[in-house]
Amino acid sequence: MHESMKWKKLVMLMLVLTLTMPLNAMGSADPSAESGNKPGSGAVPADPIFTDVSVHDPSIVRDGHTYYVFGSHIEAAKSTDLMNWTTFTNGYATPNNVLYGNLSQNLAASFKWAGENDSDSKGGFSVWAPDVFWNAGYSNADGTKGAYMLYYCTSSTYIRSAIGFAVSQNIEGPYTYVDTLVYSGFTANEAYDANSVINKKWTNTNIPQLITAGKLSGESGKWFNADGTFANINYPNAIDPQLMFDKSGKLWMSYGSWSGGIFTLQIDPATGRAIYPGKDSVTKDGRLVDRYFGTKIAGGYYKSGEGPYMVFNKDTDYYYLFETIGWLGADGGYNMRLYRSKNPLGPFTDAAGESAVLAEDTDNSAVGNKLMGNFLFKREVGDPGTGIGYGYVSPGHNSFYQDPETGKMFLVFHSRFPQKGEVHEVRVHQMFMNKDGWLVTAPYRYSGESLEKVNRQDLIGEYKFINHGKGTTADIVESSYITLNNNNKVTGDEDGTWKTTGHNDAELTLGGKTYKGVFVRGWDPMSESFAMTFTAMSSDGVTIWGSKQEEKTDSRIVQDVLADLSLGDASRVIANLNLPSEGARHASIAWTSSNPSVVSSEGVVTRPASGSPSATATLTAVVTKGAESEAKSFVLTVLPYTDASLVAKYSFENNVSDSTGSFDAGAVTGNRIDNAGGTLSYSAGVVGLAAVFDGNSGVRLPDKLIDSNQYSVSLWVKPDQLTTYTTTFFGAKDGFNWVSLVPKGPVRDNTMVWSGSGVWYDGIAGLTIPTGEWTQLAYSVDNGTLTVYVNGVQKFSGSNFPDIFTGTDSVFSLGVNWWDAPFKGQLDELQVFEGAINPAQAAELANQ
């Protein structure tokens, strides 16, 4: 995906979602592992309690007994146990901003270049991804030594950004601005971005002053493409700073994102300012050293790579570099990678010896140890817990902390979650060093556990198994099953061998690859108990996880599946049924029907016509595991279709009036649902005239247009262009609970009914409507059953659709919402119904 599109998606997502000195050296695992305890005798922590917060791009630091995470959009939180977090900031409030005081005035020097009321931050701010640390050597203005230093970035486009820093004697601020160090996105000549008055010419950065001061040999022609634009194929976007003291006490700042890659600059601890190389060169291994930007340590060729975080390990004598690749959205496959080097300036390589700096335009998914990506420990029928299971989507932009007293190491990051869209939260997972000197990550979030000696007998059994692979994809890796047998064989969905070497070291050989890591107990949120797990990594940087399952007989598994098996409300079936064919531990589920013309053995439901009596059928499930088998039957009543009644109709005959008289007329808006301005015109439509939307306007419909969980919406759509997320009909309780009918949605560009609430919902039509011609779209909601029609033909039916509107003062609109590009094209004959339209009604609506 082109970077400008990714940038615009990032801006949209962020609008929606609106330690003492940190240790810089890592040590060995928890000393309790060496305490001489008998195997398995380590104390089991109490059942954990978690309090979650949303802090994007969290950077961790500790002050006394309190841990802090600072993140993008001036969000921060604190905790005393790494499990229960409390926010203490007030976002972009100004004046009286918790972290920055008068935000606009304090960071004015950085904002002069990017990040305030400019281009992609028009109407607001973009302050991202800070890093906070205690610097005992910093010289304060009053002559004293030592300060908390906050390095931040401000940004206006995917390329025009700046990194500055501010200081405070209090970790919670307020922080006072000192200087802006690195600018990016500058041009050779006068130039301006859209929605911006900022002249991007390089002379408007700090570079001329640095040249005058003799800190740079001059400007570089290599910074620019032939047309004078910024050469971001070789040079970075100046965001995501992270500071680290090396083993000799020198201070380094790693930074960068996408485009040209990740760079490192030396920082003067006394002033906090950069020590620029001054002149161009190359490293011994051929990497770029730029006079201004520093030394390239990762990435390049427009490939993803951001959020660098570097730490030193005194035991291995390696510097470890974390970065995150992929797109950060729920549809982007964001995932964390790891490299190491003997030098903070690199070269950094992965477990396979591949360089973190790309040598050519290639797939960067093949490079770097993948710590974790999208995964799901899937909950099958008969498993403990509720929902679909435990997993993450697009986990990334991490920091790292090691406790100087216990030696425990922690990976701190944000993550999204399966079926929950762009909602994100901070997660903390314990990390461990494997026999090859690589960090591996616990499968479950930190819950107070420690590494301890393990009893071999406790390791034998069946595990849910995840192989994270090396890809960067929106696909979610779902768990399979393996068994660690007493004879050290691995059987199940993978075959191989296993062994433990030492107190807790794990070694598995699967498919000819050997993975090294640890066995450690972790808190399984599905069983709500501590379970034995393993985490291990191969020599090519692939991570595998396992979570041990409760020991059960085949008979017990069959009984558990039967007890959990449900088809919902059997007395009022109105939609196709999702009949699982497999339960826990690969138990099979076979279905038969007494009346296939009403409900088939595949779950296809045929409802009686409107006015007909209900129909019945019995579905029988036979659950089998090994030699054990048992049946369970469900008597189903299938309700007939009903006729929905029209409650509002907007025909756009030179106006935005409801011809039924039930509701007030709509009002023309600007390019967002609450913005003033905008124009609406009319031209020939499907019936009479149609409304013409110019791509900068919309219509605000009456509030409470829908106030139930049984309703239908129908309209004709003729797009001039298709842009992802753009809505035609939109309704919302608030910014986190909404329904949108989109011609081009986020799933394979399909036309869809898309909803965000506690769980995001995709009602996918299986096609994308064309531009330049009329298409009739309709959907109905019947107490959680969503049906989507295109040109009168049913294209989707699904259950568990959220009830957004019942009992709320919901808002409704055409062509606009709060975030996305407005609709451009024509709309006609909007009709809203009480109740769910049936197939005959849908066909009739399409024949107008």
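## A walk through a predicted protein chain

Asparagine 206 is buried, since its relative accessible area is 12% and the cut-off for buried is under 20%. This residue sits in the loop between E9 and H4. The side chain of asparagine 206 makes a polar contact of 2.7 Å with the side chain of tyrosine 292. Keep in mind as you read that this is a predicted model.

Now let us step back and look at the whole chain. The protein chain contains 7 helices and 52 strands. Its C-alpha trace spans about 85 × 70 × 45 Å along the principal axes. For 848 residues, a compact globule would have a radius of gyration near 29 Å, and the protein chain agrees with this because its value is 29 Å. Of the 848 residues, 58% count as buried. The accessible surface comes to about 31100 Å², and carbon and sulfur atoms account for 48% of that surface.

Which order do the strands follow in the open sheet of 4 strands? The order is E6-E7-E8-E9, with antiparallel pairing. Strand E6 (127–139) and strand E9 (176–184) are at the edges, and each has a single partner strand, so one side of each has no neighbour in the sheet. From one strand to the next, the twist averages 25°. Inside this sheet, strand E7 (residues 145–155) pairs with strand E8 (residues 161–168) in the antiparallel sense over 8 bridges. To see one of these pairings, find tyrosine 148, whose bridge partner in E8 is serine 168. A cis peptide bond joins glycine 173 to proline 174, with omega about 5°.

Proline 95 lies in the loop between strand E5 (86–87) and helix H2 (103–106). Further along, serine 119 belongs to the loop between helix H3 (108–111) and E6. Its phi is near 50°, a positive value in a residue other than glycine. Is serine 119 buried or exposed? Serine 119 counts as buried, because its relative accessible area is 8%.

Proline 241 is buried, with a relative accessible area of 4%. Proline 241 and tyrosine 148 are 93 residues apart along the chain, while their C-alpha atoms are separated by 15 Å.

In a regular strand, side chains alternate between the two faces of the sheet. Strand E10 (residues 242–245) has Gln242 and Met244 on one side and Leu243 and Phe245 on the other; these four are all buried, so both faces of the strand are covered. E10 pairs with strand E11 (residues 251–256) in the antiparallel sense over 4 bridges. Leucine 243 has methionine 253 as its bridge partner in E11. The hairpin of E10 and E11 has 5 residues between the strands, and in it glycine 249 takes a positive phi near 95°.

Further along, glutamine 402 is part of strand E22 (residues 389–402). Its relative accessibility is 3%, so glutamine 402 counts as buried. A polar atom of the glutamine 402 side chain lies 2.9 Å from the backbone oxygen of glycine 407. Glutamine 419 is in the loop between strand E23 (409–416) and strand E24 (425–433), and its relative accessible area of 47% makes it partly exposed. The phi of glutamine 419 is near 65°, a positive value in a residue other than glycine.

Our next stop is a barrel. Here 8 strands close up in the order E26-E28-E29-E30-E31-E32-E33-E34, with antiparallel pairing. Neighbouring strands are turned by 35° against each other on average, direction ignored. Strand E32 (residues 513–524) and strand E33 (residues 529–538) run antiparallel and are joined by 10 bridges. Aspartate 524 has serine 529 as its bridge partner in E33.

Finally, a look at the UniProt record. In an unreviewed entry, UniProt lists residues 443–546 as "domain: Extracellular endo-alpha-(1->5)-L-arabinanase C-terminal". Over residues 443–546 the chain is 4% helix and 53% strand, with the end C-alpha atoms 8 Å apart. The unreviewed entry in UniProt also lists residues 561–639 as "domain: Atrophied bacterial Ig". Over residues 561–639 the chain is 5% helix and 35% strand, and here the end C-alpha atoms are 28 Å apart.

How values were computed:
Residues are numbered from 1 along each chain as its sequence is written. This is a predicted model: local features need pLDDT of at least 70, side-chain atom pairs count only at pLDDT 80 or more; totals for chains, interfaces and linings use all residues. Side-chain values use heavy atoms; hydrogens and water are left out. Two strands pair if DSSP finds at least two bridges between them. Helices (H or I, at least four residues) and strands (E, at least two) are DSSP runs, numbered from the N terminus. Axes are lines fitted to C-alpha atoms, for helices over the stretch in contact, and angles run from 0 to 180 degrees between N-to-C directions. UniProt positions are given in the numbering used here, feature names are shortened, and annotations may be inferred rather than shown by experiment. Buried means under 20% relative accessible area, exposed over 50%, partly exposed in between (1.4 Å probe, protein chains only). The radius of gyration is taken over C-alpha atoms; the globule rule is 2.2 Å times the number of residues to the power 0.38. Accessible areas come from the Shrake-Rupley method with a 1.4 Å probe; for residues, only the protein chains shown count as cover. A polar contact is a pair of N or O atoms within 3.5 Å; within protein, one must be able to donate a hydrogen and the other to accept it, and residues adjacent in sequence count only if both atoms are side-chain atoms.
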